[in-house]
Amino acid sequence: MATGTAATISEPSFLEYKSGFRSWFYTTDHKRIGILYLVSISIFFIIAGSIAIVMRAELFTPESNIVSPHTYNVLFTLHGSLMVFFFIVPGISASLGNFLIPLMIGARDVAFPKLNLGSYWLYLIGAAILLFALLEPADTGWTFYTPYSAKTNTNVILLTLGIFVLGFSSILTGLNFIVTIHKMRAPGMTWHRLPLFIWALYSTAILQLLATPVVGITLLLLIAERTLGIGFFDPDKGGDPVLFQNFFWFYSHPAVYIMIIPAMGVISEILPVFSRKPIFGYKAIAYSSVAIAIISFFVWAHHLFVAGISETAAIIFSFLTFLVAVPTAIKVFNWLATLYKGSIQFHSAMLYALSFLFLFTVGGLTGLHVGALAADIHLHDTYFVVAHMHYVMIGGTVMGFFGALHFWYPKWFGKMLDDTLGKIAWFFVFIGFNVTFFPQFFLGVQGMPRRYATYLPEFESLMKLSTIGSWILAIGMIIMAYNLIKSLYSGEKAPDNPYNSLSLEWQTSSPPILENFKEIPVVTDWSYGYGKKG
Amino acid sequence: MEQLTADHVHVHHIDPVEEYEQSKFGMWLFLGTEILLFGGLFATYAIFRAKYPEMFHLDHLKLDWELGALNTIILIGSSMTMAIGVTASKKGNNKLLIIMLAITIICGLVFGFNKYLEYTAKFAHHIYPDTSIFFSLYFMMTGLHMLHVFIGLIVLLIIMILAIKGRYSASYNTHVEVGGLYWHLIDLIWIYLFPLLYLIG
Amino acid sequence: MSENHDEHITPYKTYVIIWLILMALTVITVYVAREIDLGSINLFVAMIIASIKATIVALFFMHLKYEDSITWVFALYPLFLLSLLIGLTSIDVFNRIVP
């Protein structure tokens, strides 16, 4: 709750005050940069999603008939690399974070607006390098495991170089956010009044800043391995291929939390608004974000249980893996308690948030299965892992992302979404997602390995079901995309605060003016005091 | 406010003191990133040194420790001149700042020249990055460090040009302080590289 | 900077003294490694000396001594992560049972 903000502002909004190519690609306005990211990541999401549809279509029958096995390898490499590095890692953090952090903490912009634009350009450069890499695409999987990635004839160098550049984009974004949150909060915006979305992005930013450089150097070493012939990962030269996996997952496990923590932040914002209740356990949720950011650095080798790592290390890492489930569970319990006895409104954003709760819990709990040493020996590299990962990434992050899109859409564009159409799209997405990925748990337990273009006939019925699910999911997303684009043109004009939210970003006009607030607001309370004033 | 000047208003809202604090904090965060970027190499070094102590011992004897020591002295010296430059700038002594920046840059160039001599000598003896694990590490570590020296030199050169143009004063010297921090990090990394590679390999 | 925060300006003399200390430590580390040769604890001694030098550079040249606590946190946390990377990777690499 804030005072000193003017709801009726006659200034043009950030969308209108200037137009043309230069006003977008040379902008230092955090809101425009947020939208640039939103558009860019959406393009990559569509490309990588379409690749997934092709892969599922290939898996409709046991034989290889649509694409060759080599092409299939290329496809899953691209699907993974694009989804992970170009969509989901920069996703919520760079697009929503850029847009919302200054608005939510009562600042005019991020701490380093030019650096922010630079990060976006780096993202574009990374994307451009990737386009060249597509001429001879790599077939290593998105993890680039040595020694195969050091030896394959496909173009690993360009793809990893593109990811290296993207890494710096991610680092600089994280750096910008940390400084912004530390130094630019409005008067009265104490740490314990910060919206939980900000706590989440702060934790994410720490991971972006301190985990990314390690994968940066690892990919550089891989490039050096291919160009200069150094042999850190080459057993012939006395190197150790599993060392690559250690370094890679030192980043990539925290990166999983770079992907999921922002979505958790989104949920913490949506649930109280549509339950009309204060968030339950504010401090527990806030601190558990930071706890995840810290503990997630200790668990990386659970990806390596069957790679030949030492038993001592495996036992230690399996134990540590269970630790990271604790703060995550704390969050889930607090969200459920927030819902309890609330007056729940089933807005389409709320439906996505509730789906997150359900699907992420499935994803999280199956994560414990694969984190347990003995079970992982059986489940590793099977469809069980594929299903688990997609329940966390789609069921968690993407549901959070969709929820955020539906929730903040009026804030960004000043137009209301068609809520009925939104609910229809949600229905297809939710059903399609579960039909696609739930059967994969069974496939995995039965021993179907991941990353194969063909499979044994006994898996056919579940595989077919999964492919049909992917079509339902695609229909849902097409309806949603139609809704998002249509509402831009024909959507009802949004009021400044359509959901009667107490959060600071809704206390200015929708869409906001160029510098967010007419006057910097003075914050007098936290933003979750629902139920007291209606 | 008028619409078209809005972009300029945007930039000038920032108070110089706040900007100074933010930039300095931001640079410290970036140094953390740099430490972990080198960290991958330090970890690789630790693993392989423990695995192949004889190789590290025999190979490190082929390095020119005297040149390494000379470079250490030069780089630490340049760190001192940089620090003096920062103080000069804070006291508003622009002339001393320019002189100190010039000395720092010259030290950096000499450091780079010595490295060039060292690399050519290695190539002349047919020692390349793929000769052994030790030399892979030697070339990757010193190479990445050298890259940072180059970037640092460019940063310092820009700061020197701005200093000559009179952009800095006792009340505004953010670039000098922040650029200085980056230069000190380069020194900091070298302080570890020198013994690890040249003395105790 | 102006009066609004407790900005510390280090005198020139301090830097020269620090530089002399750093030079002395460089001489010591070279001497210990090349002339005395402590064998297996060579690495240990060299790293201690390097860390002392690095600490001095950070505290005085980089003015960490005068920074606020959050800067300290973000200066030290990467070092903790680095030790984690080295430590936990070593637990794997040096405990493997090679058939």
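Q: Hi! In what order do the elements of chain B run from the N terminus on?
A: Going by this predicted model, chain B runs α-α-α-α-α-α-α from its N terminus. That comes to 7 helices and 0 strands.

Q: Nice. And what box do the C-alpha atoms of chain B fill?
A: Along the principal axes, roughly 70 × 35 × 25 Å.

Q: How much of chain B is buried?
A: Buried residues account for 62% of its 201 residues. The accessible surface of chain B is about 7400 Å², and carbon and sulfur atoms hold 70% of that.

Q: What about contacts in chain B, how many join residues at least 24 apart?
A: Taking contacts between residues at least 6 apart in sequence, 81% of them do.

Q: Switching to the interface: how many residues do chain B and chain C put into the contact?
A: Chain B brings 53 residues and chain C brings 48. The area buried between these two chains is about 4400 Å², with 78% of it from carbon and sulfur atoms.

Q: How many salt bridges turn up across it?
A: There is 1 between chain B and chain C. B:K24 and C:E67 form a salt bridge through their side chains, at 3.1 Å from N to O. The interface also has 6 residue pairs in polar contact.

Q: Which elements of chain B give two or more residues to the side touching chain C?
A: Those are α2 (16-51), α4 (65-90) and α7 (174-199) of chain B. The most comes from α2(B), with 21 residues.

Q: And what's the makeup of that side by class?
A: On the side of chain B that touches chain C, you'll find 34 nonpolar, 11 polar and 8 charged residues.

Note on methods. Residues are numbered from 1 along each chain as its sequence is written. Chains are lettered from A and ligands numbered from 1 in the order in which they are written. This is a predicted model: local features need pLDDT of at least 70, side-chain atom pairs count only at pLDDT 80 or more; totals for chains, interfaces and linings use all residues. Side-chain values use heavy atoms; hydrogens and water are left out. Contact means heavy atoms within 4.5 Å. Buried area is the accessible area (1.4 Å probe) that two parts lose on being put together, summed over both. A salt bridge is a side-chain nitrogen of Lys or Arg within 4 Å of a carboxyl oxygen of Asp or Glu. A polar contact is a pair of N or O atoms within 3.5 Å; within protein, one must be able to donate a hydrogen and the other to accept it, and residues adjacent in sequence count only if both atoms are side-chain atoms. Helices (H or I, at least four residues) and strands (E, at least two) are DSSP runs, numbered from the N terminus. Ala, Val, Leu, Ile, Met, Phe, Trp, Tyr, Cys and Pro count as nonpolar, Asp, Glu, Lys and Arg as charged, and the others, Gly among them, as polar. Buried means under 20% relative accessible area, exposed over 50%, partly exposed in between (1.4 Å probe, protein chains only). Accessible areas come from the Shrake-Rupley method with a 1.4 Å probe; for residues, only the protein chains shown count as cover.
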